[in-house]
Amino acid sequence: LGLVCGAGAGASIATMAVLYDPSDPSRAYYGTDGRAHLLLIGAGLALVLAHWSPGRAARSTVNALGLAGAVACLAFWVWVPDTAPWMYRGGYAVFGLCVAAVITSSVQPGRFALRSFLSLAPLVWIGRISYGLYLWHWPVIVVASPARTGLDGPSLTVMRVGLTFALATASFYLVEQPIRHGVLRGRWALAVSPSAFIATGVVVLVATAGAAPPPAYLQGGP
């Protein structure tokens, strides 16, 4: 498994670099093959942590790397645009390693500033609904466009963030948690599944109405 994660991550990093097009980096950014290394870095970290636990002497180094990784992540978010060429030539891999350092430090026993900060109740709650935030943020960005909302700039961002949190919270408590506790079984599952597919199709049609045409590489153009 470790070999698969390592080889797969290396191949994905190379694929992203090859696919990168300065005029339109969409293919490199959105392609699963080019972004898989970020998931594989996490999978590799899970394998490492399942078989290795740093001793007390090594833990201080791990914590220092975690703090440095957290600072680096903040720097990425604030100063690095998603169109920066070097991000497609290893930059995303560096970001993934920084996140891995943060996770490694956060799961270590004992008190440490980064671990204590990430253990704050609001952040823990955000972590619990984080997958919903990930799933909902893009549909919200697509639907809540400046043309539809009449907003732009910081006000549009605040509205999108608030709507994403509202939808992620609702889906967590009304959908995810009931499913995890086995509510949808038997006839309920048979009834809800087709309805969910139909509702998803309707949402996609409404959200993409009047959308811009796909980029040239998807249209078979030069």
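This is a predicted model: local features need pLDDT of at least 70, side-chain atom pairs count only at pLDDT 80 or more; totals for chains, interfaces and linings use all residues.

Biologist: Is Ser12 buried or exposed?

Modeller: Ser12 counts as buried because its relative accessibility is 3%, and the cut-off for buried is under 20%.

Biologist: Which residues is Ser12 in contact with, leaving aside neighbours within four places in sequence?

Modeller: With those neighbours set aside, Ser12 is in contact with Asp33, Gly34, Arg35, Ala36 and His37.

Biologist: Into what cluster do ring pairs link Tyr29 and Tyr92?

Modeller: The cluster joined by ring pairs consists of Tyr20, Tyr29, Tyr30, Tyr88, Tyr92 and Trp138.

Biologist: How many aromatic pairs are there in the whole structure?

Modeller: A search of the whole structure gives eleven aromatic pairs. One of them is formed by Tyr20 and Tyr88, which are stacked, with 4.7 Å from centre to centre and 20° between the planes.

Biologist: Where in the chain are Tyr20 and Tyr88?

Modeller: They come from distant parts of the chain, 68 residues apart. Tyr20 is in the loop between α1 (2–19) and α2, while Tyr88 is in the loop between α4 and α5.

Biologist: Why does Tyr20 count as buried? And what is the value for Tyr88?

Modeller: Tyr20 has a relative accessibility of 11%, so it counts as buried. For Tyr88 the relative accessibility is 2%, and Tyr88 is therefore buried as well.

Biologist: What about the pair of Phe172 and Tyr173?

Modeller: That pair is edge-to-face, because the planes of the two rings stand at 90°; the ring centres are 4.9 Å apart. Phe172 is buried at 6% relative accessibility, whereas Tyr173 is partly exposed with a relative accessible area of 45%.

Biologist: Changing topic to pockets: how much space lies in the largest pocket?

Modeller: The largest pocket holds about 2,500 Å³ of space. Its lining consists of 47 residues, and those nearest its centre are Arg35, Trp77, Phe95, Tyr134 and His137.

Biologist: What is the lining like by class?

Modeller: The lining of the largest pocket has 36 nonpolar, nine polar and two charged residues.

Biologist: Let us move to helix α8. What does Val140 touch, not counting residues up to four places away in sequence?

Modeller: Val140, which is found in helix α8, touches Arg160, Leu163, Thr164 and Leu167 on that count. Val140 is buried, with a relative accessible area of 4%.

Biologist: How far apart are the C-alpha atoms of Val140 and Thr164?

Modeller: Their C-alpha atoms are separated by 6.5 Å, and the two residues are 24 residues apart along the chain. Thr164 is found in helix α10 (residues 154–180) and is buried, at a relative accessible area of 8%.

Biologist: What is Thr164 in contact with, leaving aside neighbours within four places in sequence?

Modeller: Apart from such neighbours, Thr164 is in contact with Leu133, Trp136, His137 and Val140.

Biologist: Finally, the overall view. How many helices and strands does the protein have?

Modeller: The secondary structure comes to eleven helices and zero strands. The protein has 222 residues, and buried residues make up 25% of them.

Biologist: What share of the contacts with a separation of 6 or more comes from residues 24 or more positions apart?

Modeller: Residues 24 or more positions apart account for 60% of those contacts.

Terms used: Residues are numbered from 1 along each chain as its sequence is written. Side-chain values use heavy atoms; hydrogens and water are left out. On a 1 Å grid over the protein atoms alone, a cavity is a set of points where a 1.4 Å probe fits but cannot get out, and a pocket is an open set with protein on both sides within 12 Å along at least five of seven lines; lining residues have an atom within 4 Å of a point. Grid points are joined across faces, edges and corners, and a volume is the space filled by probe spheres set on the points. Ala, Val, Leu, Ile, Met, Phe, Trp, Tyr, Cys and Pro count as nonpolar, Asp, Glu, Lys and Arg as charged, and the others, Gly among them, as polar. Rings of Phe, Tyr and Trp (its six-membered ring) pair if their centres lie within 6.5 Å; planes under 30 degrees apart count as stacked, over 60 as edge-to-face and the rest as tilted. Helices (H or I, at least four residues) and strands (E, at least two) are DSSP runs, numbered from the N terminus. Buried means under 20% relative accessible area, exposed over 50%, partly exposed in between (1.4 Å probe, protein chains only). Contact means heavy atoms within 4.5 Å.
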